[in-house]
Amino acid sequence: MTDKKDNGKSVGGAVTGVLDHIRESQVWTSVFRPGSPMRADNQDTPRNRSYVVMNNVLYHLHPVKVKRHGVRLSYTLCLGGLSFFLFIVLTITGIFLMFYYSPTSPQAYYDLQALNTDVAFGQLVRNMHRWGAHLMVLTVFLHMARVFYHGAYKPPREFNWIVGVILLLLTLLMSFTGYLLPWDQLALWAVTVGTTMGSYAPVFGDQVSFALIGGVQITPDTLLRWYVLHVLFLPFIITLFMAVHFWRVRKDGGISGPL
Amino acid sequence: MAQIPDNILKRSAEARAKKEGRPVDEILAEMKGEAPSSDSSPSGGGGSGEAADGGGQTSTASVSGADVGGGGQAPTAPEPGSKTTSASAVSGAALLTAVAAARKMPESLVERSAKARSRTAGGSVDDVLLEWAKEEGVDISTLPAASDSSPAPDSSPAADGGGQTSTAPEPSSDSVAPVAASAATATAVAVLDDDVVIEDDAVVEGEPGGNGATSDRLLTVIRAGEVQRIRSAPTDRVTVWPHLLAIEFVALLVVLTLLITLSIFLDAPLLEFANFNEQPNPSKAPWYFLGLQELLAYFDPQIAGIIIPTFGAIAIAIIPYIDKNPSVKPSHRKLAIMIFTFFIMAAAVLTIFGSFFRGPGFNFTFPWEDGIFFDDLKSLLE
């Protein structure tokens, strides 16, 4: 790095010098663990490439090495990873929306109107949350189809397939509970139609329906109930299952083999 | 070496070429050249020593070993003394230093491997060292001459040819293989390119000059790497950083860009305030439930709303326990793919039907005649 320095003679040299100084500082070095390409003294060696994965909590989801065919984009299309990424996008945009939303009638509807008109980037973030949710249903479903067509559910991955099916159902539930929250005509009647189907369940159909919507029909109480399900309960459950899902991908031998 | 696929061989050749700054072709030829050479490889003076026993020239492998052992000077094995003299020409210590320097290894390791080699294959430590020195291209003439370091008695197994019983170090057939294996481990640590000769004692009866005595014959030559090779076939693997993470990052950016662009140009729907007394016509569930709602038009609610989705979810979940076919090749699992594709297509068709072909009263409609009744995309349709 020192050979690039210009001893402060030019502006560019001064900037490079400062940047080098920062990169060599103790603070910078303490943030990026050994092997990180962010470090000043990093060299591109197999050992350091391994450290990038082993020493970083974000990359810790991955093994140090994967089979070469596994990194081909056409093999997985990144669908599982994109589902997870969309979950993160939805979490971030969802937290933003929570700042401006109260799950009561009629305030919920007014909050959405305000979000669309008064809040900076409110409409954009709400759009991202809504379309992102639809997209996540789609990517999770396509991920399942991809896994099926690759036969990637075969031993020893049977159980992870079941976890995946549970995650698909949870994704649908997440989306469905969020559907009610705008508290407009679309939300109210779509959820009415959806929950009416549940009430046809034999023997305990009425009880399920009662517990789900907090009464014999959808009321403002349902709004609070579904809000809690949507922002707390289901994310908590889905995170647990995701942890198991990712862990089992690693434990069951990584990504499945080529066709 | 034999089971390594070509592509992996090529990749490691490329890696070595990159590291040593030599052309790939040269390295590849070198690596490939190693494999066939294993049967006539320079397995040390010891091999030639054993070769000279009993019947002598009966075993071709032994003869070829003697060729190498004699460094081309002694084409026929029983030429006593030729090796011994050259071995004693330089001092063992100087030889050790030279070999260690040439191989860039600590002297202690070289000495240990040489001892293991001499114990396994016969021959003195100095013979082995001399052999290695030749392999490494060390100019022996520059080394200081030996004063009295010629280990006379055991340094010349090659000399006892001509029908005499071999003085193999470990004549017991039980102990030979383990010794060879442990020697292989010892040498493998330090000398990756070395071979180990495994021999078996066989009673050669009626062989000329054999006297019914125990004799050694060459069973196999084991490449050092093969002894500790892992059983599973080598797979072509790449580091996650940067190969996988770069792809994932790009995929992430593409999707994020798509999502933001979509969100800029397409607003999420917000209809009128929720009114319990005014049901819109038609009222549709979220799009991912519209396949089920479509089924409601054909079946009893108990069947369409409960039985089909419940059994559908269970059926999907237990696929791995029904499908016992171990193959993942599409051509081997046509039935499974057919069934799955049928249900996926059915679900897709039902969902599209429910979304775009159902109008007021959930009656059938053509979207190009009466318009689309799909409020999720209301802002797009208006």
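**Note on the interface of chain B and chain A**

1. Asp323(B) and Lys154(A) form a salt bridge, with 3.2 Å between their closest N and O atoms. The model is a predicted one, and the distance here is computed from it. Across the interface of chain B and chain A, 2 salt bridges are found by the rule.

2. The elements of chain B that each give two or more residues to the side touching chain A are S3, H11, helix H12 (290-296), helix H13 (301-317), helix H14 (319-322) and H15. H11(B) supplies the largest share of that side, with 17 residues.

3. In overall terms, the contact involves 72 residues of chain B and 75 residues of chain A. The two chains bury about 7,000 Å² between them, and 73% of this lies on carbon and sulfur atoms. Polar contacts between chain B and chain A number 34 residue pairs, both residues being at pLDDT 80 or more.

4. Helix H11 of chain B covers residues 240-265, which is 26 residues. From first C-alpha to last, H11(B) reaches 36 Å, close to the 38 Å expected at 1.5 Å a residue.

5. Which residues of H11(B) are buried? They are Val240(B), Leu244(B), Leu245(B), Ala251(B), Val255(B), Leu259(B) and Ser263(B). The cover over these buried residues includes parts of both chains: from chain A, helix H3 (46-54), strand S1 (65-67), helix H5 (79-98) and helix H7 (122-149); from chain B, strand S3 (237-239).

6. Chain A contains 11 helices and 1 strand. Read from the N terminus, its elements run α-α-α-β-α-α-α-α-α-α-α-α. Of the 259 residues in chain A, 46% are buried. Taking contacts in chain A between residues at least 6 apart in sequence, 62% join residues at least 24 apart. The accessible surface of chain A is about 13,300 Å², with 68% belonging to carbon and sulfur atoms.

7. A separate point concerns Ala348(B), which sits in helix H15 (residues 334-356) of chain B. Ala348(B) lies 60 residues from Tyr288(B) in sequence, while their C-alpha atoms are 9.5 Å apart in space.

How values were computed. Residues are numbered from 1 along each chain as its sequence is written. Chains are lettered from A and ligands numbered from 1 in the order in which they are written. This is a predicted model: local features need pLDDT of at least 70, side-chain atom pairs count only at pLDDT 80 or more; totals for chains, interfaces and linings use all residues. Side-chain values use heavy atoms; hydrogens and water are left out. Helices (H or I, at least four residues) and strands (E, at least two) are DSSP runs, numbered from the N terminus. The expected span of a helix is 1.5 Å times one less than its number of residues. Buried means under 20% relative accessible area, exposed over 50%, partly exposed in between (1.4 Å probe, protein chains only). Contact means heavy atoms within 4.5 Å. Accessible areas come from the Shrake-Rupley method with a 1.4 Å probe; for residues, only the protein chains shown count as cover. Buried area is the accessible area (1.4 Å probe) that two parts lose on being put together, summed over both. A salt bridge is a side-chain nitrogen of Lys or Arg within 4 Å of a carboxyl oxygen of Asp or Glu. A polar contact is a pair of N or O atoms within 3.5 Å; within protein, one must be able to donate a hydrogen and the other to accept it, and residues adjacent in sequence count only if both atoms are side-chain atoms.
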